[in-house]
Amino acid sequence: QVQLEESGGGLVQPGGSLRLTCAHSGGIFLFAEMGWFRQAPGKQRELVASVTRDGNTNYAGFVKGRSTISRDNAKNTLYLQMNSLKPEDTAVYFCNERWASPLGYWGQGTQVTVSS
């Protein structure tokens, strides 16, 4: 029933910026705590940032200070603003409940590629 659709990825040069959007449908509200995750080829999916319904945020060390996670509860939409992007940020980015099972439902993600 729950559907998650990520968008906003693309190819950017190092130092560039992207704003990712996650559209949630099939449920009445966004999950109480939402997260952005990323997965590079051959690597495990990892948490990038999370935000609660009340706006409390947490960030992984590799994005802290250059990324901002936010949510619009009225629109059932989650965002991730990423600045000062680095080649190591290259990955497929997913949104989901912060505590979603790795084996559960995940969307298709949106590709972020940082390269010269």
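This is a predicted model: local features need pLDDT of at least 70, side-chain atom pairs count only at pLDDT 80 or more; totals for chains, interfaces and linings use all residues.
Mentor: Residues are numbered from 1 along each chain as its sequence is written, and side-chain values use heavy atoms, with hydrogens and water left out.

Trainee: How many helices and strands does the chain have?

Mentor: There are zero helices and 10 strands. Helices (H or I, at least four residues) and strands (E, at least two) are DSSP runs, numbered from the N terminus.

Trainee: Why is the chain called as compact as a globular protein of that length?

Mentor: Its radius of gyration is 13 Å, close to the 13 Å that the globule rule gives for 116 residues, so the description applies. The radius is taken over C-alpha atoms, and the rule is 2.2 Å times the number of residues to the power 0.38.

Trainee: Where is N76 found?

Mentor: N76 sits in the loop between β7 (67-72) and β8 (77-82).

Trainee: Why is N76 called buried?

Mentor: Buried means under 20% relative accessible area, exposed over 50%, and partly exposed in between (1.4 Å probe, protein chains only). N76 has 13%, so N76 is buried. Of the 116 residues of the chain, 41% count as buried.

Trainee: Which residues does N76 touch, not counting those up to four places away in sequence?

Mentor: With contact meaning heavy atoms within 4.5 Å, N76 touches C22, A23, H24, G27, I28, F29 and L30.
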